[in-house]
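Hello,

Here is the structure for your files. Please look through it before you read my notes below.

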Amino acid sequence: MVTEPQPQKKKAQPGQAVAAGIAIGLSIGLLFGVALDNLALGLALGMGLGLVFGGAQEKKRAKEPLSGDPATDLPESPAE
């Protein structure tokens with residue numbers, strides 16, 4: 001049985017998760033700012049929350065091993 005090689009997981013660019021967190025946080029903060037009639041407060045809270053969650057995601061990604069790394073991949077036993 002011939003198996004196709006699995007695509008390797010690409011390592012994310014440094015800061016990519018933080019940038020995504022800020023973008024999502026700003027959009028949510030904009031909605032809250034408009035709803036509460038205080039746009040500056042909503043944007044500031046959104047950016048702060050985006051930085052917190054983006055930074056946490058960045059740390060989580062840094063701990064995950066990459067596939068295709070010989071130090072972390074174990075040889076598979078042949079299926080019978």
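Which residues make a nonpolar surface patch of about 440 Å²? I24, I28, F32 and L36 do. Patches here join nonpolar side chains (Val, Leu, Ile, Met, Phe, Trp, Tyr) within 5 Å, from residues with over 30% relative accessible area and no salt bridge. A salt bridge is a side-chain nitrogen of Lys or Arg within 4 Å of a carboxyl oxygen of Asp or Glu.

A note on the source: this is a predicted model, where local features need pLDDT of at least 70, side-chain atom pairs count only at pLDDT 80 or more, and totals for chains, interfaces and linings use all residues. Residues are numbered from 1 along each chain as its sequence is written, and side-chain values use heavy atoms, without hydrogens and water.

The fold has two helices and zero strands (DSSP runs: H or I of at least four residues, E of at least two). F32 sits in helix α1, residues 16–36.

D37 lies in the loop between α1 and α2 (39–63). D37 is not a glycine, yet it has a positive phi of about 60°. D37 is also exposed, at 73% relative accessible area.

Now the totals. Of the 80 residues in the protein, 11% are buried. The accessible surface is about 7,000 Å² (Shrake-Rupley, 1.4 Å probe). Carbon and sulfur atoms hold 65% of that surface. Among contacts (heavy atoms within 4.5 Å) with a separation of 6 or more, 64% join residues 24 or more positions apart.

Best regards

Methods. Buried < 20%, exposed > 50% of the residue type's maximum accessible area, 1.4 Å probe, protein only. Patch = residues over 30% accessible without salt bridge, like charges linked within 9 Å, V, L, I, M, F, W, Y side chains within 5 Å.
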